[in-house]
There are 2 protein chains.
Amino acid sequence: MRYVQRAEYGVPPATSVDDGDPLFVQAIARAMQVLSAFHDTGKPLTLNEIAAQSGMGRSAAQRVVHTLRQLGYIERDADDRGYVPGIRVLDHTRDYLRLNPLVVRASPVLMELRRNVRERVDLSLRDGLRLVYAARLQSKRETFFATLVGQSVPIYCTSGGRAVMAHLSDAEVDEIIARSDRREITPKTITDPEEIRAKVREARENGYALALEEILQGEIAIAAALLAPDGTPLGAIHIAGSLSEWDAETYCRRFAPLVAEAAGALNRF
Amino acid sequence: MRYVQRAEYGVPPATSVDDGDPLFVQAIARAMQVLSAFHDTGKPLTLNEIAAQSGMGRSAAQRVVHTLRQLGYIERDADDRGYVPGIRVLDHTRDYLRLNPLVVRASPVLMELRRNVRERVDLSLRDGLRLVYAARLQSKRETFFATLVGQSVPIYCTSGGRAVMAHLSDAEVDEIIARSDRREITPKTITDPEEIRAKVREARENGYALALEEILQGEIAIAAALLAPDGTPLGAIHIAGSLSEWDAETYCRRFAPLVAEAAGALNRF
DNA sequence: GGACAAAGTATCGCTATGCGATACATTTGT
DNA sequence: ACAAATGTATCGCATAGCGATACTTTGTCC
């Protein structure tokens, strides 16, 4: 069942604070490390846990947490048993979504697409080795946590990821494959480099990419890439459904044109 | 038309850096001020604008921006004309939503509610004088930007706000009214203190609150409060629809029981 | 096309600022 | 009731970050 849920795939390794860059501001990096300590937990954290997670001393953690608390980026858990992220982070979510030009341009297209298909429609954006979901139009069935903004999936084994890789050079694809931590997220996850490359070639030919249960059992997803004017893939549009209602072939025949058309509309210029 | 859109209501005034607190970490406050500079803009910001907005010198802004950029919290705009928030902020969004117990508990109830009503269903959480939307299950019609996570509305003139105030003492209500910047967001916005108090009393009697076009023209919203075990209101569940399809009375009769029931289910314990 | 303006980048010395060490208070569990 | 763990507070030193300034690049106007 729950092969996935908690994990963040390929979250960039906590950027080392003391890299050579002289323009680096320690305290800020520390603050972000503290906030990032929550990425790997499912429950509120104590001060010591935060300190450990973010690799700094108790004192430092204490002061950072204190400050972030004042600012509303960290809160005490409801029953005062630990710390959790604060509501102020949502303000920045809004800013990100509002100011990202791709999200802005894509959203009416996504809404329209959602009207035509009764399945879930997602917009994901590339960040290194992963795709981060930025906009999600849920279908009636799934749980809220299957549709969290900010959730991310690896590129190497997802429909959106392969749609993105289809627009990268072979060398870049190889690098993604090499650098990715290719775990079998479900038994169906394709992790073999050669198979992945084959899937990418397939996506190049079709203009869309397909993934079957590679992230979540029972899930089928089809995706097409969104491109910058210069052709760089920035992310993808996904349509995700359930294998309890569709077989792969029908799903493809039905939704491939729609997802390709939606992406195409956004890639013209 | 677009009375609202861009504005953030009652975003806490940029927390002063040099308040008395000796445990205060400047650099972190600075970082957050820089990120918050985007709250008030609709376009990418230049370094100077960021510096001005966040009330610090060019140098400081430069260094903070540089750092946040390294960490992925700020990015260059697509066509390199300014800075925008970076995708890393979405990681924290996810953490917030995952770790907030109310969001966790409420989401299945919201999904169920959304299945029964064909209108938009929202969960908002209180933050001072405003309600911040944390979960939004959109209906088919509206634009994506009407349903942004992180968007916030003032308490004094919204259905959710009045549902929340219904569970506060009169003194607390008065304080909210007094401290709020009560603008007429639409011509229908109720800004008169006595009228607001009347609406709150009404909400107390009914167990739900109603608002007609006070934020957005043509919008009708009904809400019920979510409470902590001790009775403190933490937020609200909303059902929002369009007056082009409903008259107020029918809307109420139809949805009041549903929203009250949903909130009730969550308030039992 | 050449000059001017505006945005971004880099450098450097001083001191305000944040860290480590440590000790105290408060809560939790057995 | 005691021990262990968590949160809070204090303080002096060294360093990390700020202001001032100057350099480079990019865009715009005539």
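Mentor: One term before we look. A crossing is left-handed if the near helix is turned anticlockwise from the far one by less than a right angle, and right-handed if clockwise. Also keep in mind that this is a predicted model.

Trainee: Okay. Which way does helix 7 of chain B pass helix 8 of chain B, left-handed or right-handed?
Mentor: Helix 7 of chain B passes helix 8 of chain B in a right-handed crossing.

Trainee: Which residues make that contact?
Mentor: Helix 7 of chain B brings B:D170, B:V173, B:D174 and B:I177. Helix 8 of chain B answers with B:P193, B:I196, B:R197, B:V200 and B:R204.

Trainee: How do the residues of that contact divide by class?
Mentor: Five are nonpolar, none are polar and four are charged in the contact of helix 7 of chain B with helix 8 of chain B.

Trainee: What angle do the two helices pack at?
Mentor: Helix 7 (residues 170-179) and helix 8 (residues 193-206) of chain B pack at about 140 degrees, with axes 11 Å apart. Helix 7 of chain B and helix 8 of chain B are therefore oblique to each other. An angle has to be over 145 degrees to count as roughly antiparallel.

Trainee: Now helix 5 and helix 9 of chain B. At what angle do their axes cross?
Mentor: Roughly 155 degrees, and the axes come within 10 Å. Helix 5 covers residues 101-116 and helix 9 covers 248-267, both in chain B. So helix 5 of chain B and helix 9 of chain B are roughly antiparallel.

Trainee: Who touches whom there?
Mentor: From helix 5 of chain B, take B:R105, B:A106, B:V109 and B:L113. From helix 9 of chain B, take B:L258, B:A262 and B:L266. That contact of helix 5 with helix 9 of chain B has six nonpolar residues, no polar ones and one charged.

Trainee: And how are helix 1 and helix 3 of chain B set to each other?
Mentor: Roughly perpendicular, because the axes of helix 1 (residues 26-36) and helix 3 (residues 58-71) of chain B cross at roughly 80 degrees. B:R30, B:A31, B:V34 and B:L35 of helix 1 of chain B meet B:V64, B:V65 and B:L68 of helix 3 of chain B. By class, the contact of helix 1 with helix 3 of chain B has six nonpolar, no polar and one charged.

Trainee: Switching topic. In what order do the strands of the chain B sheet come?
Mentor: The order is 5-4-3-8-7-6 in chain B. Six strands form this open sheet, and the pairing is antiparallel.

Trainee: Which strands stand at the edges of it?
Mentor: Strand 5 (152-154) and strand 6 (209-212) of chain B. Each has a single partner strand, so one side of each has no neighbour in the sheet. On average, neighbouring strands of this sheet are turned by 30 degrees against each other, direction ignored.

Trainee: How many bridges join strand 4 of chain B to strand 5 of chain B?
Mentor: Three, and the two strands run antiparallel. B:R130, for one, has B:P154 in strand 5 of chain B as its bridge partner.

Trainee: What about the loop between strand 4 and strand 5 of chain B?
Mentor: B:A146 lies in it. Leaving aside neighbours within four places in sequence, B:A146 is in contact with B:R120, B:R136 and B:Q151.

Trainee: Over to chain A. Which residue stands opposite A:A209 in strand 7 of chain A?
Mentor: A:A223 does. Strand 6 (residues 209-212) and strand 7 (residues 219-227) of chain A pair in the antiparallel sense over four bridges. Their hairpin has six residues between the strands, and A:E213 there takes a positive phi near 55 degrees.

Trainee: Last one. What rotation superposes chain B on chain A?
Mentor: A rotation of 180 degrees, with 0.0 Å of shift along its axis and an RMSD of 0.0 Å. The two copies are thus related as by a two-fold rotation axis. Of the residues of chain B, B:I28 comes closest to the rotation axis, at 2.7 Å (C-alpha).

Technical notes:
Residues are numbered from 1 along each chain as its sequence is written. Chains are lettered from A and ligands numbered from 1 in the order in which they are written. This is a predicted model: local features need pLDDT of at least 70, side-chain atom pairs count only at pLDDT 80 or more; totals for chains, interfaces and linings use all residues. Side-chain values use heavy atoms; hydrogens and water are left out. Axes are lines fitted to C-alpha atoms, for helices over the stretch in contact, and angles run from 0 to 180 degrees between N-to-C directions. Angles under 35 degrees count as roughly parallel, over 145 as roughly antiparallel, 65 to 115 as roughly perpendicular and the rest as oblique. Contact means heavy atoms within 4.5 Å. Ala, Val, Leu, Ile, Met, Phe, Trp, Tyr, Cys and Pro count as nonpolar, Asp, Glu, Lys and Arg as charged, and the others, Gly among them, as polar. Copies are superposed by least squares on the C-alpha atoms of residues with pLDDT of at least 70 in both. Two strands pair if DSSP finds at least two bridges between them.
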